[in-house]
Amino acid sequence: SSIISTLALLTSDGGKVEDRINRDTINIFELIDKLVKRFQNVSYKKNISIKTKMPKDISIVGDENHLVKLFTNLLRNAITYGKQDGWIKINVLRRNNFVEITMSDNGIGIENKDLPYVFDRFYRADKSHSSDGKRTGLGLAIAKWVTDIHGGTISVTSSMGKGSVFIVTLPIKASK
Ligand code: ATP
Ligand code: MG
């Protein structure tokens, strides 16, 4: 059912989506800190450490449920495609009117030929993880959709066997 509701979101045509998006004030530190704590249990099995460097005073305007999905999908990938005893680093910094959230891992990495497509729906680069039957190839398409509707960007650089870096930017809430 989560796939169905996600598909509904991803396939609904542009204009109307905005009406269904909440515009809450969301503190980035609190949002990511909460998710990292939630993921400590999962990463524990692979002994993957999650380290964060985040200022506490950056807020954006957006939809909490969608933003949770965005960072959950990135974190879940970093663990799924991470190596035993690996690490994940999350760095947050302010760049003019945008907050830049960088998530790095030292996992299996993504081949150059796959990089342009990882944000496409149903695209899966690493076929070895398909045997578990749970992966759909939608995680990053959703992440891209969420950044788009918030007026942000998402990009990736990666090196095979060394790891991946995902960079999300989102507009900072204007102070009045
Ligand atoms: P789903 O997230 O829907 O369960 P998925 O993980 O296969 O399935 P995406 O999250 O969209 O799909 O990722 C697309 C592909 O990009 C993955 O199949 C994987 O090959 C690659 N990928 C994504 N994140 C990473 C990462 N941190 N390290 C290495 N490869 C990654
Ligand atoms: Mg995924």
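Trainee: Which of the 21 residues around ligand 1 come nearest?

Mentor: Tyr81, Arg124, Asp126, Thr136 and Leu140 come nearest; a residue is near the ligand if one of its heavy atoms lies within 4 Å of it. The model is predicted, so local features need pLDDT of at least 70 and side-chain atom pairs pLDDT 80 or more, while totals for chains, interfaces and linings use all residues. Residues are numbered from 1 along each chain as its sequence is written, chains are lettered from A and ligands numbered from 1 in the order written, and side-chain values use heavy atoms, without hydrogens and water.

Trainee: What makes the pair between Asn77 and ligand 1 a polar contact?

Mentor: A polar side-chain atom of Asn77 lies 2.9 Å from an oxygen atom of ligand 1, and a polar contact is a pair of N or O atoms within 3.5 Å, so the pair qualifies. Gly137 qualifies through a backbone N or O atom, 2.9 Å from an oxygen atom of ligand 1. A polar side-chain atom of Ser164 lies 3.5 Å from a nitrogen atom of the ligand.

Trainee: How much of ligand 1 does the protein bury?

Mentor: Taken alone, ligand 1 exposes 590 Å², and the protein buries 96% of that (Shrake-Rupley method, 1.4 Å probe). The elements giving two or more residues to its shell are α4 (64-80), α5 (139-149) and β7 (163-171). Helices are DSSP runs of H or I with at least four residues, and strands are runs of E with at least two.

Trainee: How do the residues of the shell around ligand 1 divide?

Mentor: Ten are nonpolar, six polar and five charged.

Trainee: Which residues have the most contacts inside the largest nonpolar core?

Mentor: Phe71, Ile90 and Ile101 do, in a core of 43 residues. Such a core joins buried nonpolar residues (under 20% relative accessible area) through side-chain atoms within 4.5 Å. Among the elements that give it two or more residues are α3 (28-45), β4 (87-95) and β5 (98-105), and α4 gives the most, with eight.

Trainee: With which residues is Ile101 in contact, leaving aside its neighbours within four places in sequence?

Mentor: The partners of Ile101 include Ile28, Ile32, Phe71, Ile90, Phe166 and Leu170, contact meaning heavy atoms within 4.5 Å.

Trainee: How many helices and strands does the protein chain have?

Mentor: The chain has five helices and seven strands, running α-α-β-α-β-β-α-β-β-α-β-β from the N terminus. Of its 176 residues, 45% count as buried. Among contacts between residues at least 6 apart in sequence, 73% join residues at least 24 apart.

Terms used
A polar contact is a pair of N or O atoms within 3.5 Å; within protein, one must be able to donate a hydrogen and the other to accept it, and residues adjacent in sequence count only if both atoms are side-chain atoms. Ala, Val, Leu, Ile, Met, Phe, Trp, Tyr, Cys and Pro count as nonpolar, Asp, Glu, Lys and Arg as charged, and the others, Gly among them, as polar. Buried means under 20% relative accessible area, exposed over 50%, partly exposed in between (1.4 Å probe, protein chains only).
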